[in-house]
Amino acid sequence: MLFNSIEFLIFFPVVVCLYFMCPHRFRWALLLAASYVFYMWWRVEYIVLIVASTVLDYTVSIRVEQAETSRQRKAWLALSLTGNLGLLFFFKYFNFFNDSVAATFEALDMEYAIPAAEVLLPVGISFYTFQTLSYTIEVYRGNKTAERHLGKFALYVAFFPQLVAGPIERATSLLPQFYERKEFEYTRVTDGMKLMTWGFFKKVVIADRLAAMVDPVYSDIGNQSGPAIAIATVFYAYRIYCDFSGYSDIAIGAAQILGFKLMTNFRQPYFSRSIPEFWRRWHISLSTWFRDYVYIPLGGNRVSTVRLYVNVAIVFV
């Protein structure tokens, strides 16, 4: 289900009404059911993937916490990394790499028999994969105790406002909020509605209108003039920002209406004064995820100049 759809404009008010009418102890179940319905609206069978990822990291985190040796803890963490990243690679990148290898074999006049996988990319797979991995890594590092409530952990993985396009939330921030009692607060709800409205404006009014001007140019690039391509490129920069940040605003606003606080994901990135500052203000939840779980473990900037460039290259690859 997409935010900018008639289905969501019906789905969300119904969920909000049921949520505030429902007793506190059952609200997690309502939100989990709503999140699974939201996800299955696109393709029912892919719910298996998000459930599998949930069960895997729920089990692994408990095993990591119970492990008696460092070797055992590392083995369980490796299982989580292999399982989650394996699914992500297969569904998102297998055909890309397979086509590249096939083209290489063809250029060398060699036979290549591995066909492309006939699968559709599951919606939000990158986001919930990174979210579950961050949880397992935090448990491994000792920064988070393993969650014993399977239902609330499943809700953390599948929470529908941020399931499709983020922000990628840390377990230390979002999971405790599922235990808090949320009351209907007029100011909070109206502020959330205003943020959602601003997000819809950026997505539907600006991004989609710019797309109607950009797509014809990019789809027939060989027959376009230089000025047309230049203008389309500038329009595309604003289109992708308004599309992505608009979705984030809708997600943050929807969560706020329900009483949950999600992190800011964009902070006026086009006003940045340098490239590093840009990446600190663009898709912040993803940039900080790679900083904390890839860049810093590789040594960050506390290494030689050559190694620093290697670390940065690994993160962006």
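Which backbone oxygen lies 2.8 Å from a polar atom of the side chain of Arg281?

## Arg281 and its surroundings

The backbone oxygen in question belongs to Arg267, and it lies 2.8 Å from a polar atom of the Arg281 side chain. The model is a predicted one, in which local features need pLDDT of at least 70 and side-chain atom pairs count only at pLDDT 80 or more, while totals for chains, interfaces and linings use all residues. Residues are numbered from 1 along each chain as its sequence is written, and side-chain values use heavy atoms, with hydrogens and water left out.

Arg281 lies in helix α10, residues 275-281 (helices are DSSP runs of H or I with at least four residues, numbered from the N terminus). Arg281 is buried, with a relative accessible area of 15% (buried means under 20% relative accessible area, exposed over 50% and partly exposed in between, with a 1.4 Å probe and protein chains only). Not counting residues up to four places away in sequence, Arg281 touches Asn265, Phe266, Arg267, Gln268, Pro269, Phe271 and Ser272, where contact means heavy atoms within 4.5 Å.

## Nonpolar cores

The largest nonpolar core holds 70 residues, of which Phe8, Phe159 and Phe160 touch the most other members (such a core is a set of buried Ala, Val, Leu, Ile, Met, Phe, Trp, Tyr and Cys residues joined through side-chain atoms within 4.5 Å). Helix α5, residues 125-141, gives the largest share of this core, with 9 residues. A second, separate core of 6 residues includes Tyr241, Cys242, Phe278 and Trp282.

Leaving aside neighbours within four places in sequence, the contacts of Phe160 include Phe3, Phe8, Phe11, Phe12, Leu31, Phe38 and Leu258.

## Cysteines

A search of the whole structure finds 0 disulfides, a disulfide being a pair of cysteine sulfur atoms within 2.5 Å. Cys17 is in no disulfide, and the nearest cysteine sulfur, that of Cys22, is 13 Å away; for Cys22 the closest cysteine sulfur is in Cys17, too far for a bond. Cys17 counts as partly exposed at 47% relative accessibility, whereas Cys22 counts as buried at 17%.

## The largest pocket

About 1400 Å³ of space lies in the largest pocket. The lining comprises 35 residues, of which Leu286, Ser287, Phe290, Val315 and Phe316 lie nearest the centre of the pocket. On a 1 Å grid over the protein atoms alone, a pocket is an open set of points where a 1.4 Å probe fits, with protein on both sides within 12 Å along at least five of seven lines, and lining residues have an atom within 4 Å of a point.

Helices α4 (70-107), α5, α10, α11 (284-295) and α12 (305-316) each supply at least two lining residues, and α11 supplies the largest share, 10 residues.

How values were computed:
Polar contact = N/O pair within 3.5 Å; in protein donor to acceptor, adjacent residues only side chain to side chain. Points joined across faces, edges and corners; volume = space filled by probe spheres on them.
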